[in-house]
Amino acid sequence: MFTSPTGGKEAIRYAIDILNKEKGIPKKVILRSQKITTGSTGEPLAALPATVRPKAGKDRPITVGFAQVGMESGWRAAHNQSVIDAAKDMGIQLVYENAEQSQEKQIAILRKFIRQKVDVIAFSPKTANGWDEVLREAKNAGIPVILSDRKVDVEDDTLWTAYIGSDFREEGRRAGRWLTETAQPGRNYGIAEIQGTANSAPATGRKTGFEEGIAGDNRFRIVRSVVGDFTKESGKVLMRQLLRETGGKGIDVVYCHNDDMALGAVEAIEEFGLKPGKDIMLISVDATKSALQALIVGKLNFVVECNPLLGPQLMKAVKDLSEGKELPVEIITSEGVFTQAEAKKNISIREY
Ligand code: AHR
């Protein structure tokens, strides 16, 4: 049997937060549906994630262990700063570690946090798989885990408490939809895709979403799809290779899973003697200031936003947990898209 929460309590809670002008009000929340099984004596048992130890935040500050994935992109630098600043603003003690793009290192950091008995663990998982064991250890130790910006794929979803971040699949759809709406009628387009880190939630979501966005429109064909790692360098190297192999023929559009790789691809296209944004169209995801600048000068054609400023929502969730409130299973941030005109309008107030 599964519960089906009505959402009434949460609606009132968020309405009060909006009235109080709290930071980090999400665009969408999804509530947890609990699985109810029968215990050995026939009593109902609910499968629940761990909750914060009762004393945290009362007799002493709440401690959050945060395991950042690495420092691969401009987006990540903004995300990092947002988490650090929000913890400071809200009086939460942050134990910060950086896994430098190694899943093994990230797992070791999570184990260290468990040994240190932090109140809450938060992390941005490098890839979607491989977390069952360490998350079970955290749950057995009674430590709630919040996923900040990337989801995991584990068998038991009570191993983590909440996900706070973007809808990556929708970001991909937005990129695809824009292309179908902007492209010329009757012309065929060959698309090269530069993916983010293999098996990471943003790469999988953005790939699937983009394919959905262009599906059914036979002007578009993904002719090449290569795997990068969200760094500018990987975008440049992969684009160089694609141009070398094809001579630039048959690639009309490059869809990059983030801005850094798109900016790297821009450099490779220029190096090859072609004009990015004109000879080859470029679409990217994140909407960092540097990408919007490239969009303004016509080197990128469209940018989908992915909001890295997740610190306030994360710390608010930690506080809510320490006050015994139940968290939604997914807290999805509000995001938009940028054409050249929108980039010009917003560049002066862009925060990252
Ligand atoms: O998980 C979010 C993604 O990770 C961002 O889009 C990318 O720039 C980052 O490295």
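A: We start with a term: a disulfide is a pair of cysteine sulfur atoms within 2.5 Å. This is a predicted model, in which local features need pLDDT of at least 70, side-chain atom pairs count only at pLDDT 80 or more, and totals for chains, interfaces and linings use all residues. Residues are numbered from 1 along each chain as its sequence is written, and side-chain values use heavy atoms, with hydrogens and water left out.

Q: How many disulfides does a search of the whole structure find?

A: A disulfide is a covalent bond between the sulfur atoms of two cysteines. The search of the whole structure finds zero disulfides. For C256, the closest cysteine sulfur is that of C306, and at 15 Å it is too far for a bond.

Q: Is C256 buried or exposed?

A: Buried means under 20% relative accessible area, exposed over 50%, and partly exposed in between (1.4 Å probe, protein chains only). C256 has a relative accessible area of 0%, so it is buried, and C306, at 2%, also counts as buried.

Q: In what order do the six strands of the open sheet lie?

A: Strands are DSSP runs (E, at least two residues), numbered from the N terminus, as are helices (H or I, at least four), and two strands pair if DSSP finds at least two bridges between them. Here the order is β10-β9-β11-β12-β13-β15, with mixed pairing. The edge strands, β10 (220-227) and β15 (337-338), each pair on one side only. Strands β9 (residues 189-195) and β11 (residues 253-256) pair in the parallel sense over four bridges, and I191 has V253 in β11 as its bridge partner.
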